[in-house]
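Hi,

Here is the structure I promised to pass on. Have a look at it, and then read my notes below.

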Amino acid sequence: MFLEKINSPKDVKKLRRKDLPSLCEEIRTALLQRLSKKGGHAGPNLGAVELTVALHYVFDAPQDKIVFDVSHQCYTHKMLTGRKQAFLYEQCYGQANGFTNPSESAYDLFTVGHTSTALSLACGLAKARDLLGQKHNVVAVVGDGSLSGGEAYEGLNNIAEQGTNFIAVINDNEMSIAENHGGYAKNLGELRRTKGKAKHNMFLALGLDYLYEEEGNDVNRLVNLFRKIKDCSRPVAVHLHTQKGKGYPPAEQNTEKFHSCGPFCLQTGEMLKAPEESYNSITRDYLQNKIASDKSVFVISSGTPAVLALDAPRREAMGKNFVDVGIAEEHAVAFASGAAKGGAKPVYAVFGSFLQRSFDQLHQDLALDNNPAVILSFWDSVYGMGGATHNGLYDVAELSNIPNLLYLAPTCVEEYLAMLDWAIDQTQRSVAIRVPAKVYHGSFVATDYSAQRSVVTKKGSGVAILAVGSMYRTAEQAAELLAQKGVHATLVNPVCLTSVDEKLLNELAETHSLIVTVEEGILDGGYGQKVASLLGDKDVKVKNFGLEKSFFGDFIPDELLARNGLTAEQIAAYISDFKA
């Protein structure tokens, strides 16, 4: 085997050209073994094997700087830079995460997990190189889907102006997470059809040189191409046509399913874990019915239709009532605001960690004019997507402090659907809903959401527990444990996180000696601190339970909750000690 002898890119360079295809096949075999057992980004990594081998064969990392956009195609890069054991041996699978990470290796320049960033990051590296009089190459590896993000255009614009060595490798597999959308995708298609000779070329128009390679999965053709442009004196876009999921028929035939997946049967490609009921499918079913009865309702996706479990047939069935704007969260928010202003009823569904990218648009383009668009923020939970780049645990601090934006937190499916139905049909304000990660069915007390009032769900004495959204079940369990000890707590569902219910809190402060807040998000700037601030001059103790302010890397959700005191037992123990 060649791969077992690779400990750094220097070992890749020792191979004969004729051996490179064999190395690629060994890498692909290792990838499939690991992916089938552990899951991960299958399609992007299978399609970028030859590209990555060729990069490390020609360029001299880490002296030459290679930046992977999104970096969900970096598994081969990790294998070739000293971390092959994390892909070859099952007992070592957890030793490398799914994204580039400087704490793992000097070959990883940035912690990257969001799209459209590589061109700007690499542009900064090139500027620093030029200022310091250095001569190395700067390479940004960018997927065609990433080009739909505004930051990518901003980077391309600045790269051309710098006018020095910069290599933008466009890995064009004709797919984002799902199909591509927009004018840029059309131009890429024209370039593919004409083998790079189309009259209209967005890269040339922006001032970059341009090269096209149809056989983007031919490692030796890529070596020849990269040798041609190494040490170039001008910025160049290298447009490679590749196959997403290359070498594994199920991934080639169902690129959307295998973009990111759980463990699967290697022989058949069937997923090993059956889909469970989720808020994704619950929301999809509701919206399909809503659209059937009200054609002014439409759904917006920013390149992630999986957030609503919308496969291609369901998207097609929605017709004009489904719009995918590409990976462009900023545009999605402003687009939703404009549509709401025009009288339509837009619902923008997005993973919370991606919604962060549109913070200014939420402020300026949506909430400032109070346009009645609906934002559904998914997986703002320890049980959502993992890794420091994909945590949706900062949402309460971010969204609840935007003026005019009403941020609601349901405790169960039934309350969520009631909130969603109200939010779509009301016309007075901008609304966002914190969609839980875990599915709970239960009862709730209906209220006027526009009034921003909390709901007392259980009356007790001495101690009151205010539990935000997904933590309400944990608070119920804590109350049950306390009841066994003779402590009967008042339970409160805050409902709205934008503000606190001053009237209720003042009443609770008069009749309770301890008020506890519980939230599944960071404490700083969160709901609990709003409560503590209001009651700061009252004769009542306030205790906030939540998460420390941190970038949370790979973690086990239940362990993270326990480390921050967010289990029913820990909450009950604190209250018991206080009462004692």
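Let me start with the overall build. With 580 residues, a compact globule would have a radius of gyration near 25 Å, and the protein chain comes out at 26 Å, so the two agree. Do keep in mind that this is a predicted model. Along its principal axes, the C-alpha trace spans about 80 × 55 × 50 Å.

Next, how the chain packs. Buried residues account for 58% of the 580. If you take the contacts with a separation of 6 or more, 76% of them join residues 24 or more positions apart.

Now the secondary structure. I count 24 helices and 16 strands in the protein chain. Of particular interest to me was an open sheet of 5 strands, which run in the order S1-S2-S3-S5-S4 with parallel pairing. Its edges are strand S1 (65-68) and strand S4 (209-213), each of which pairs on one side only. From one strand to the next, the twist averages 20°.

As a reminder, strands of a sheet pair through backbone hydrogen bonds, either parallel or antiparallel.

Cheers

Notes
Residues numbered from 1 in each chain as written. Predicted model: local features only at pLDDT ≥ 70, side-chain atom pairs only at ≥ 80, totals over all residues. Heavy atoms only, no water. Pairing = 2+ DSSP bridges. Helix = DSSP H or I, 4+ residues; strand = E, 2+ residues; numbered from the N terminus. Axes fitted to C-alpha atoms, helices over the stretch in contact; angles between N-to-C directions. Rg over C-alpha atoms; globule rule 2.2 N^0.38 Å. Buried < 20%, exposed > 50% of the residue type's maximum accessible area, 1.4 Å probe, protein only. Contact = heavy atoms within 4.5 Å.
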